Amino acid sequence: MKLVTNLLGAAAVIGLSVSAASAMECDTIKLGAAISLTGKYATNGVNTKDGYEFAIQKIKDSGGVKVGDKCYNFEVTYYDDESKGDRGATLAERLINQDGMQYMLGPYSSGLTTAIAPVTEKYGIPMVEAEGASRSLFNKGYKYLFAVLSTSEQYLASAIALAAEKAKEQGKDPSEVTVAVAVENDPFSLDIRAGILEDAEKYGMKIVVDEKLPRDLSDMTSILTKVKLVKPDVLVVSGHSKGAATAVRQIAEQGVSVPLIAMTHCESADVVGNFGESAENILCSTQWDETLTYEDPIFGTASNYNTEVKSSFPAYADRAVPYQTAQASAAVYVFADAFQRAGSLDKDAVRDALAETDMMTFYGGVKFSEAGNNVAKPMVLRQIQNGEYKVVAPSDFAAAELVWPRP
Amino acid sequence: MDEILFNIRLLLDFPIVNLKIIIDGIMIGALFALAAYGLALVWGVMNVKNLAQGDFVIAGGYVAYSLNQVGIYPLLGVPLAFVIMWGIGWVIYKTIITRVIERDLFTSLLATFGLAIMMAQIMNLIFGSDTQSVDLGLPTWFLGPSGIIDLPAAKVIGVAMATVLAIAVVIFMKHSRMGQAIRATAQDSRAARVMGIDTEKVYAFTFSLNAAICGAAGAIIVMIWVIQPFYGITYSVRAFVVVTAAGIGNLPGVIAAGLGIGAAEQYGGHIFGIGYQQAIAVVLLLIVLFVRLMQQRRIRQVLK
Amino acid sequence: MTRKFYINTALLILTILAPFIFPVWKTQLATLWLFIIVALTWDMTGGQMGYNSLGNIFFYGTGMYVCAIIAIGMYFPFGEWTDASRSETWKFTDSQYFTGLILGSLGAGVFCALCAYILGGLFFGLRGPYFAIGTLGLAIATGEIVSNIDWLGGGQGVSMPIYNGDFETFKNIIYYLFAGLGVSLFIFLNWFYKTRFGAAINAIRDDEEKAEAMGIHTLRYKLITWSISAFFIGVAGAISAFQLIHFEPLETAYQTINLGIFMVVCVLLGGKGTLWGPVIGAFMFHVFKEVTWNYFLGWQWVALGALIVVIVVFFQDGLMGYLQTRFPEWFGIKVVDKDEKEIIAEPAE
C-alpha cells in the first residue's frame, strides 16, 4: 500500500516536471544524497526525499537558480543507505568520488549524518542537512556541514520549562517536579535525553525513571509500569516513529496518567490517525508547524507549503505534513540561495556563501553558527487538542492554551 | 547500579508488581511458545532449523493487518492468517525447504536465513517500515490497588486464542492419522517410509502447519503489540531459546519454557532496563546451551 | 610451478598497483580486501575444521572497540571522548594518529585472540548447529550489551580520530593496511594448511572422535586455530574502525546479519575448505553486492536473500568445489583408477 502511494507521489512529481520543462531551458546542478529508503528510518527517509523533490520542483517552477547570468535546476542522485551508518559513508564517498558530486544534501537521522559528515568534510564538499540534530555533529569542528534545523537538546526542553511554570502556578517549587525519561538508544534521542537532563538539573528537578528503549522496540509495558508506580509529573518519550506509536498506544492501554506527556515524532507516526482519542493532550515537539507565520517568496507561507505538498503527494492527503518534509525543502532552498549569492558553481565559494546565510524561509529563519547549526529558529511545542496539533509554546507563537493536567 | 537497586526496591515495596510482571510475561510467553512449538515441530520432524520462524510470525501479522484494512473483523484475521500462511508455507516448502531436508544442519540454517532476509525485505517493500497494529477497540480492565495490573481485553482474548490453538494442535498430533504419521516420521523417517508413510507429504504438511501456527501467532501479536517488517529476528531468537531449553519433541516443556522466558524477560527488563531485553533473551540462550553442555560433559559427551 | 609463480607475482603486482589503476574504486577495493580477510578467517574454522561459526563478527566488533579504546585512550580520557555533550574539539597530531593506529590494531588483534582462546574452551563443547547458534548468540548479546554501556558511547557509537593529511593519502593507507593484512594472511594460510597442524584440523573436520582416538589433542588445535583467525579479524576490525571514522555498536561493529553472514556466503560461493575459494567467493560476492546495491535499489536485500538460498541449496560446494569435481587435474588430483577413486578430493561437507 505504501509502495502504491509512493509511486503515485512520484508520478505526480513527474507529471509536474513535464509541464514545467517546456517553459524554461536551464542547466542542471547535481546534488547527491544518501537517503534511507529501506531499514528502520525508511518512513522519514521517504518524507525527507519528498521534501527535497518538492522543493526542487518549486524552485524550477519559479525560474530556477540564477547563478551569474545563467539559470540552473537542481537534480538529486539518490542512493539507499538502508538506515545504516557505514553504508551511508560508503555511498557518500561514491557520490563524491565516482559520480563527481560537488554538493550534498543530508541523509535522515543524526546517526547517518554523523557517519557521512567526516567523508564530505574530508573532500571539502558542502553538505546542507535537514535531519541530523544531535549536538555531537557540531563539536567536531566541521567546516562544510550546515544544518537548517534546531539541535536536538532543544526538542523537549520547553516541556520542562512548561512543567516548571505549571508547578509555580500550583504554588509548588519547580524542584519538586519529578521527570521520567524513556528514549531510544541512538544519537538523536540520547541528545534529547541530555537536553532534558540539563534543563531538569537547572530547575533542580528529579529524574525518577531513566530508561533506554531498544531499537526493535515493540513493548514498553515495563517502563510504563514503573511510571505508574513512581507517578512522575512529566513523562518524556523519544524513539522516532515507532517509539511514539508504541508509547501512545500503551499509555492508553495501561491507563497511565501523567500530568504532562511530551514526545517526538507524533506527526510521522500519525498518532492522531492511528490512535485517535488516546493521543489527546500529548505534547509533541516539532521543528515547524504550518500555522506559524513564516513566509518566503518561493514557497509562500507555511500553510501554503502545507497545502501544496498535500496536493503534490497524495500520501500526505489525510495526515499532517511532517516537519521532516518541510525542513528537507528548506535545505534545498538554502542551497539555492547560497548558489545565487555565491554567483559561481565553485564548491568553496558556495560553502562560504552558505556560512553567511541569513534568510527567512517558510520554515523559519536560517542563520548558521560557526559550528554549522541553525541558530535563528526556535523549536515549537504542540499539543494534540481535539485531534489537531495546536502550538502551545513558545508563547510568541502559541495558538492555544495548554491543557494541563492531562487526565 | 543505583538504578538496578532502585528497580529491585520497587519490586519489594510493591509486591503486586511481581504479579503484574508475571502476567505480562505469560502473555508474551504464550506467543513465544506458539512460535517455538512450530520450530520444535520442523526441527524434530525434518531436522530443519528455521531461522525464518520470526518472519513467518510477522508475515502472519501483516496478513491479518491487510485483512483488517479491507474491512474484515480483526479477530477473524487469526483463523484467516492461519489458512493463508499455510498456503505460503506450502509454497516455501515446495520451492526451498524440500531441497535442504536431507542435507547437513548448517545448510538449513543458512538457507532459512536467506529466506528470512528476503521475507523481511519483501514485507518492507509492500507495507513500508512503519510499525503497524490493529486496534480491537476493546476496553482495558484494571485490577489491584490503584489499577496497577492492567488486563487489556485484547490481550486476554489473544492469549485465549493461543491456548485454544495449542490445544487443538496437541489433540490433532495425538489422535489424527496425519498427526501419528508426523510423530512416526520424527522418530525414524526411514522406518516410517518402510511402513508406507509418504514422508514427503508429511514434511510438506509439517512445514505448512508450522507456518500456519506462526501466522496465527502473528495475527494475535498485531492485535496486542505492534509489528514491523524487521521484527522477525526477535521472535526467531525467542523460538530458538525456547526450543534449545526445552528440547525437541517435548511439548509441555516448550510451553513451560516459553512462558518462563516471557516472564524472565519481563523481570530482566524491569530490573536492568528495557534496553537489555534482547540481550537477556540471548544470554538466556547461551546459559541454556552451557547448562546442557555441562550435563553432557558429566557423561563425557558434547552437545550435538 | 613456474606458471603458478608468474600468476602469483602478477596478482601481487596488481594488488600493489590497484589503487593507482582504479583510483576512484579505492574504498571498494579496500572493502574487497576486508571481505577476503573475513572469508579466509571464517574458512579456517568453518571450512577446514568443520566448526561453522555464525558469530565471528564478534571479533570484528570487539576489534573495533578495543582499537578505539587504545588509540583514543592513550591521549584523551575515553569516557569524555564519547560523551555526546562534549563541546570542545579534540584533534590528533600525525604521530598520535599513527601510534594509535598501529598499537590499536595490534592490541585489538591480540585481545581478540585471547578472547577466542578463553571462549573457545566453552564454545567448542558445542557441535554442529549448536556451535553456530551459540556463537551467533555471543555476537548478538555482546552487541546489545555494548550498546547499553555509556562509557563505550552506548548507542551513539564512537567517532575515531581523523587523519590530518590529504584524503587520498588516507585512503591509500587504509587500502594498503587491508591489502597487506590480506596478503600476509593468505601466505600464512598457504603454509599453515600444508603443515601437520593443517592436517590435524582437517582430521577434526572429517571425524573428530577418530582424530581424538588417534591421539590428537583436538581442543588445543581448535583453540589455536580459532585464536589465529580471531587475531586477523580483530586487526581487520581495527582498520575498519579507522576507515569508517565513525562506528556504532549494532549496525557497524557487531553487524551480525550483514558482514557476519556475508563472510559465510563468500566462502560458500567460492568453495568451502579450499585456499582460493574464499578469495574468489569474496570477489564474486562483492561484485554481486555492488551491482545489486546500485541497480536494484530497494530490492537489493531480496536479491541477496535469494542469492543465499540459491547458493546454499544448489551450489553449496561453491565455484572451487565445482571446478574440483569437474576438472580434478587442475588441482593436481589424478584420477588413476576406478578402485582408487577415493583420492579424488571430495569438497568439504
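# Close-up views of a predicted three-chain model

**View 1. Overall build of chain C.** Buried residues account for 55% of the 349 residues in chain C. The model shown here and in the other views is predicted. Chain C holds 15 helices and 2 strands. Its radius of gyration is 21 Å, close to the 20 Å given by the globule rule for 349 residues, so chain C is as compact as a globular protein of that length. The C-alpha trace of chain C extends over about 75 × 45 × 40 Å along its principal axes. Of the contacts in chain C between residues at least 6 apart in sequence, 78% connect residues at least 24 apart.

**View 2. The contact between chain B and chain C.** In this contact, 35 residues come from chain B and 32 residues from chain C. On the side of chain B that touches chain C, the elements giving two or more residues are α5 and α12 of chain B. The most is given by α5(B), with 14 residues. Sorted by class, this side of chain B has 25 nonpolar, 5 polar and 5 charged residues.

**View 3. The contact between chain B and chain A.** Here chain B contributes 36 residues and chain A contributes 33 residues. At least two residues each of the side of chain B that touches chain A are supplied by α1 (2–13), α2 (16–46), α5 (105–127), β1 (140–143), β2 (149–152), α11 (251–272) and α12 (277–298) of chain B. The largest share of this side, 5 residues, belongs to α5(B). By class, the side of chain B that touches chain A comprises 14 nonpolar, 17 polar and 5 charged residues.

**View 4. The two assigned domains of chain A.** The domain assignment of chain A places residues 2–150 + 290–367 in domain 1 and residues 154–286 + 380–393 in domain 2. A distance of 30 Å separates the C-alpha centres of domain 1 and domain 2 of chain A. The contact between them draws 20 residues from domain 1 of chain A and 15 residues from domain 2 of chain A. On the domain 1 side of this contact, two or more residues are given by each of α2 (42–61), α4 (110–123) and α12 (323–342) of chain A. That side of domain 1 divides into 5 nonpolar, 12 polar and 3 charged residues.

**View 5. The open sheet of chain A.** Seen here is an open sheet of 7 strands with mixed pairing, in the order β8-β7-β9-β10-β11-β16-β17 (chain A). The edges are formed by β8 (206–213) and β17 (388–393) of chain A; each has a single partner strand, so one side of each is left without a neighbour in the sheet. From one strand to the next, the twist averages 25°. Within the sheet, β11 (residues 283–286) and β16 (residues 380–385) of chain A pair in the antiparallel sense over 4 bridges. Thr286(A) stands opposite Val380(A), a residue of β16(A). Helix α7 (residues 221–230) of chain A lies across β7 (178–184), β8 and β9 (234–238) of chain A, and runs at about 170° to β8(A).

**View 6. The surroundings of Ser136(A).** Ser136(A) belongs to the loop between β5 (127–129) and β6 (145–147) of chain A. This residue counts as buried because it has 28 C-beta neighbours inside 10 Å, where 20 or more are required. Ser136(A) and Ser36(A) are 100 residues apart in sequence, with a C-alpha to C-alpha separation of 21 Å in space.

Note on methods: Residues are numbered from 1 along each chain as its sequence is written. Chains are lettered from A and ligands numbered from 1 in the order in which they are written. This is a predicted model: local features need pLDDT of at least 70, side-chain atom pairs count only at pLDDT 80 or more; totals for chains, interfaces and linings use all residues. Two residues are in contact if their C-beta atoms, placed from the backbone, lie within 7 Å. Ala, Val, Leu, Ile, Met, Phe, Trp, Tyr, Cys and Pro count as nonpolar, Asp, Glu, Lys and Arg as charged, and the others, Gly among them, as polar. Domain bounds come from an automatic or database domain assignment. A residue is buried if 20 or more other C-beta atoms lie within 10 Å of its own, exposed if 12 or fewer, and partly exposed in between; C-beta atoms are placed from the backbone. The radius of gyration is taken over C-alpha atoms; the globule rule is 2.2 Å times the number of residues to the power 0.38. Two strands pair if DSSP finds at least two bridges between them. Axes are lines fitted to C-alpha atoms, for helices over the stretch in contact, and angles run from 0 to 180 degrees between N-to-C directions.
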